[in-house]
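Read the following with the chain open in a viewer.

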Amino acid sequence: MKAAVMISDGRMQVIAARLEELGMDVMRATDTASMQAVEEAAPTLDFLLLPIRGVDGAGMVHIPGVDYPAGTMLERLKPEAVLLTGLHTEYLHALDRPVFCYYDDAQVREENTALTAEGLLYYFMQVTPKSIYEYTVDIIGYGHVGRKTAELFERIGIAVRVVTDEAPEEGGIPMIAYDHWKNGKPCSVIINTAPSTVITKTMAEHFQPGTIIIDIASNQVGVEPAVYEMPHICVKAAPGLPGLVAEQSAGEILADYIERNFLKKTGF
């Protein structure tokens, strides 16, 4: 079997190495020339692994130092080839073929949660100019990632509050309903984990100067674009967090998904 892996970060290197260990012929796309080679070889591929963030609205894939149009490459794939990505996009949805996403898998999501929280703590330390203990933190959303992040932050002594409409847990982390929060005074750092717009320009006009917003939702959809331009606050769209601190572990989770869902089922 033959695969091509677009090396967007260390996680994809780990996946490529695993596939090679299993005996697969693996092409690694790391620059424009190797991208062109993958495009030429597309009709022979059994697997094409896109970057974690998939293909943008213009049909471009992005790896370090390279922006490459993926249209012809995808069109040349044979119908039975497996197309894998980390993030669903409208461009991929428009293709007349199945597209598999790692994070649709419940096991991947669960195993990735702790690494995301760990990566977020590391990123939080990078983007805050003062000691992390001088900040108070609002975490919007209480799904797997929101819960794990809140637990981690509280465990190490960061003052944290969860913005959610769930019922408060007895003796648990402080919680506030979103409708009350948006009309009140937020903490000095706001971390959004919810996959929807939760911070608008109108709301942000009343935030204290120096407020830091970190959006970790897929596609960074939690903050209206106009908020990024507001001079009194700092908005950060977080990168792939598991890859920041644990790319080996994060890559192995994704490689396990491929082996479990595709290779073992085909007897490879």
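Strand 8 (residues 136-140) and strand 11 (residues 189-192) run parallel and pair over four bridges. Two strands are said to pair if DSSP finds at least two bridges between them. Helices (H or I, at least four residues) and strands (E, at least two) are DSSP runs, numbered from the N terminus. The model is predicted, with local features needing pLDDT of at least 70 and side-chain atom pairs counting only at pLDDT 80 or more, while totals for chains, interfaces and linings use all residues. Residues are numbered from 1 along each chain as its sequence is written, and side-chain values use heavy atoms, with hydrogens and water left out.

Within this pairing, I140 has N192 of strand 11 as its bridge partner. The sheet that holds these strands is open, has six strands in the order 10-9-8-11-12-13, and is paired in the parallel sense. Its edges are strand 10 (175-176) and strand 13 (233-237), each of which pairs on one side only. Helix 5 packs on this sheet and touches strand 8, strand 11, strand 12 (211-215) and strand 13, where contact means heavy atoms within 4.5 Å. The direction of helix 5 makes about 145 degrees with that of strand 12. Axes are lines fitted to C-alpha atoms, for helices over the stretch in contact, and angles run from 0 to 180 degrees between N-to-C directions.

Y133 sits in the loop between helix 5 and strand 8. Leaving aside residues up to four places away in sequence, Y133 touches I156, G157 and I158. The C-alpha atoms of Y133 and I156 are separated by 9.3 Å, and these residues are 23 residues apart along the chain.

How do helix 5 and helix 6 pack, in terms of angle and distance between axes? Helix 5 (residues 106-127) and helix 6 (residues 144-155) meet at an angle of about 50 degrees, with their axes 9 Å apart. The two are therefore oblique to each other, given that angles under 35 degrees count as roughly parallel, over 145 as roughly antiparallel, 65 to 115 as roughly perpendicular and the rest as oblique. On the helix 5 side, the contact residues include E110, T113, L120, L121 and F124; on the helix 6 side, they include H144, V145, K148 and F153. The residues of this contact divide into eight nonpolar, four polar and three charged. In that count, Ala, Val, Leu, Ile, Met, Phe, Trp, Tyr, Cys and Pro are nonpolar, Asp, Glu, Lys and Arg are charged, and the others, Gly among them, are polar.

A second sheet is also open and parallel, with five strands in the order 2-1-3-6-7. Strand 2 (25-29) and strand 7 (100-101) are its edge strands. Strand 1 (residues 2-6) pairs with strand 3 (residues 47-49) in the parallel sense over three bridges, and A3 has F47 of strand 3 as its bridge partner. Helix 1 (residues 10-21) packs on the sheet, touching strand 1, strand 2 and strand 3, at about 160 degrees to the direction of strand 2. Helix 2 (residues 32-41) also packs on the sheet and touches strand 1, strand 2 and strand 3, with about 135 degrees between its direction and that of strand 2.
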